[in-house]
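Hi everyone, thanks for coming. Have a look at the model on the screen, and I'll walk you through a few spots in it.

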Amino acid sequence: IFVASSLSQYLGAGLAVSLFSLMPSMTVAWGRLVVGAAVLVALRRPWRRAWTRRTLLVATAFGVATATMNVIFYAAISLLPLGTTVSLEFLGPVVVALVTGRGWRPRVAAILALLGVASISGLGVDLGDPDQRIGVLLALGAGVAWAAYILLGRRVASAGAGTDSLAVGMVAGALVYAPLAEPTAAVTVLGVGVLSTAVPYGLEQVVLRRLGTDAFALLSSLMPAASLLVGVVVLRQLPNAWEMTGLVLVS
């Protein structure tokens, strides 16, 4: 389920990259949120559930964290290769695994992942290039939002209202970032929204109900590999030796 979610998410991201020459990354990200919210609301009809003030607040926080992760991530992939961005963003799940994991294994795994990120950001990226420096900072910021997404996502999933909360949260996230968007090219944005939001986040709610946050965070190491594969096949973004070394360490 997680592999299917990862491939869907980064196929959507690959489509999004093709839109960056037509519109700002912020607009593409917002279009993704709107389409994903519309699909999830239509499928789940969350108004049928009895909501309390607390569950609505948690769902809203979850949605805003998810939206923030997406918006920052799209800004980053407009400046860096897809696989590199996801590997840097993975620092967020690494920290979650380090903090919530028990025993020595998740900590060893986290250290390996940190070495991998250092290989990518310190040696696989040209930090003398201002755009790439900004891209690295954006990718790391998206990692912070990814950590919040995992922690809040586990909370809503374990409460048994995961997909309904996701639908409500996506609406909240789309509303928060609406002032920053511009009119969009509908057909491709539809594909981005379905592939990158509705399908993967719905699948991840299934996974989060079955796994703890530490296991989910470390399982996220599959995502840099999935993004690299999509980057090579769809975007023709070939990794250099340091990026490959970092990806191996992360995974």
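Let's start with the aromatic rings: there are four aromatic pairs here, where rings of Phe, Tyr and Trp (its six-membered ring) pair if their centres lie within 6.5 Å. Take Phe2 and Phe216: their ring centres are 5.3 Å apart and their planes stand at 75°, so this pair is edge-to-face. As for the cut-offs, planes under 30 degrees apart are stacked, over 60 edge-to-face, and the rest tilted. This pair joins distant parts of the chain, with Phe2 in helix H1 (residues 2-19) and Phe216 in helix H10 (residues 213-219), 214 residues apart. Helices here are DSSP runs of H or I with at least four residues, numbered from the N terminus. Both Phe2 and Phe216 are buried; buried means under 20% relative accessible area, exposed over 50%, and partly exposed in between, with a 1.4 Å probe and protein chains only.

A quick word on the ground rules. This is a predicted model, in which local features need pLDDT of at least 70, side-chain atom pairs count only at pLDDT 80 or more, and totals for chains, interfaces and linings use all residues. Residues are numbered from 1 along each chain as its sequence is written, and side-chain values use heavy atoms, leaving out hydrogens and water.

Next, two helices. H3 (residues 53-77) packs on H4 (residues 82-89) at about 135°, their axes 9 Å apart. The axes are lines fitted to C-alpha atoms over the stretch in contact, and angles run from 0 to 180 degrees between N-to-C directions. That angle makes H3 oblique to H4: under 35 degrees is roughly parallel, over 145 roughly antiparallel, 65 to 115 roughly perpendicular, and the rest oblique. Who makes the contact, meaning heavy atoms within 4.5 Å? From H3 come Met69, Phe73, Ala76 and Ile77, and from H4 come Leu82, Thr85, Val86 and Glu89.

Staying in H3, we find Thr66. Thr66 is buried, with a relative accessible area of 0%. Beyond its neighbours within four places in sequence, Thr66 touches Tyr149, Met170 and Tyr201.

Last, some backbone angles. Most residues other than glycine have a negative phi. Arg45, though not a glycine, has a positive phi of about 45°; Arg45 sits in the loop between helix H2 (25-44) and H3 and is partly exposed at 39% relative accessibility. Arg236 also has a positive phi, near 60°. Arg236 lies in the loop between H11 (222-235) and H12 (241-250), and at 64% relative accessibility Arg236 is exposed.

Definitions and conventions:
Contact means heavy atoms within 4.5 Å.
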